[in-house]
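Visitor: I'm new here and would like a walk through this one. Could you take my questions as they come?

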Amino acid sequence: MAEAAAAEEVQTSDIMENFNYNDFTLQWHITHRCNLRCKHCYQDDYSAFEDFENAKNVLDQYCTLIKTYNCQGRLNITGGEPLTHPFLFDILRLARSRGIKTGVLTNGTLIGEWDAKKLKASGVDYVQISLDGMEKVHDSIRGTGSFQKAVNGIYALKSQGIFTSISFTAQNNNLSELKKLAGFCENLGADKLWFDRVIIPADEDKDKLTLSAESFRKLCRTAAHLNKKGKVFCGRALQFIYCKNKLIYHCSAGENLLIVLANGDVMPCRRLPFIIGNVKNSDLLTLHQSSPIMHELRNTGIPEGCKSCKYSALCRGGSKCLSYAKKGRFDIPDPDCVLIHNS
């Protein structure tokens, strides 16, 4: 991963940026430990780094940041597999006590009745579980038996009245599964099903899982049909083109999003390979305001190839991490955009 040198920090007084946010999301990988080994996973380190004092320090830094920006905190706790962390429920309760909205992003396989009750008691706002197709396909991606365990986890969450979102990671080996999964999730009582493209750097995609632009468009057309029936939420980059969303997604990397890994490393986005510092020798507010990479992401502007598009001011070029994975640059139009190719 590329590291942004601390010595090259940009002085905030020279930037004259306006940090005006309604909310600010921290995606916190509280552990790298995981019970699964999914084919498309970007993680190559499975160390734990499970220390409650360090966790409290991260939360203190986050609270300072959102207080400084006078905005709502949104904390998404993930891993690794967050249910393996011994202090997960303590961290959730502490965050909620400070007025932060909380979510847990999990593979769902470790959630039983007891865990669902503990999540409910912690005040979690929602839980997201990954399903990458029906049983045969999902298990081929995430491991034998993982589908049924995840489904059992969904049942446990719903029994406690917890808002449960299902995440579908679209890749070349599961494209035909979205329609079947949509019907299944509806019958399951899931509150939301959404999808996004798998993000793998081109030189690391040995299994050719990354969608082509045409495959993405075909998937979006299927999703648009399901969206009309209320079965699939279309709210990620470029999906508004097909689903006619009034709210148009734009990438928040560099803006109101930070990632903290279990070892303390900080990133602008989990899918952009830049480490901007570490919470053990700096703080989130300083890193957000002073990192050269964060400054560049915030100030890249609308890509040249997008400027004639009527959606450019809102979309701002689509997914930066997808552009970087496919083309090695985040300041260019999303390579999967049909509007660019047809212009």
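**A guided tour**

Visitor: Which loop does K208 lie in?

Guide: This is a predicted model, so keep that in mind as we go. K208 is found in the loop between β7 (192–197) and α8 (213–228).

Visitor: What is the phi of K208, and is the residue buried or exposed?

Guide: K208 is not a glycine, yet its phi is positive, about 55°. Exposed means over 50% relative accessible area. K208 has 59%, so the residue is exposed.

Visitor: Where is N70, and is that residue buried or exposed?

Guide: N70 also has a positive phi, about 50°, although it is not a glycine. N70 sits in the loop between α2 (52–69) and β3. Its relative accessibility is 69%, so N70 counts as exposed.

Visitor: Which peptide bond is cis?

Guide: Head for the loop between β3 (72–78) and α3 (88–97), where G80 has its place. Omega is near 15° for the cis bond there, the one from G79 to G80.

Visitor: Is H85 buried or exposed, and what does H85 touch?

Guide: H85 is in the loop between β3 and α3. With a relative accessible area of 6%, H85 is buried. Not counting residues up to four places away in sequence, H85 touches I30, T31, E50 and I91.

Visitor: Why are the buried residues of α3 on the same side of the helix?

Guide: The buried residues in α3 are L88, F89, I91, L92 and A95. They cover an arc of only 160° around the axis, so they lie on the same side of α3. As a rule, an α-helix has 3.6 residues a turn, so residues three or four places apart point the same way.

Visitor: Which residues have the most contacts inside the largest nonpolar core?

Guide: In soluble globular proteins, nonpolar side chains tend to be buried together. The largest nonpolar core here has 89 residues, and α2 gives the most to this core, with eight residues. The residues with the most contacts inside it are W28 and L119.

Visitor: What is L119 in contact with?

Guide: Leave aside the neighbours of L119 within four places in sequence. The contacts are then F89, L92, V104, I111, V124, V127, L157 and I162.

Visitor: Which residues does the second, separate core include?

Guide: That core has five residues. Among them are L257, L261, M267 and I275.

Visitor: How many disulfides are there, and which cysteines form a disulfide?

Guide: A search of the whole structure finds one.

Visitor: How far is the sulfur of C63 from the nearest cysteine sulfur?

Guide: C63 is buried, with a relative accessible area of 16%, and is in no disulfide. The nearest cysteine sulfur belongs to C71, at 11 Å.

Methods. Residues numbered from 1 in each chain as written. Predicted model: local features only at pLDDT ≥ 70, side-chain atom pairs only at ≥ 80, totals over all residues. Heavy atoms only, no water. Helix = DSSP H or I, 4+ residues; strand = E, 2+ residues; numbered from the N terminus. Buried < 20%, exposed > 50% of the residue type's maximum accessible area, 1.4 Å probe, protein only. Disulfide = S-S within 2.5 Å. Arc of directions from axis to C-beta. Core = buried A, V, L, I, M, F, W, Y, C linked by side-chain atoms within 4.5 Å. Contact = heavy atoms within 4.5 Å.
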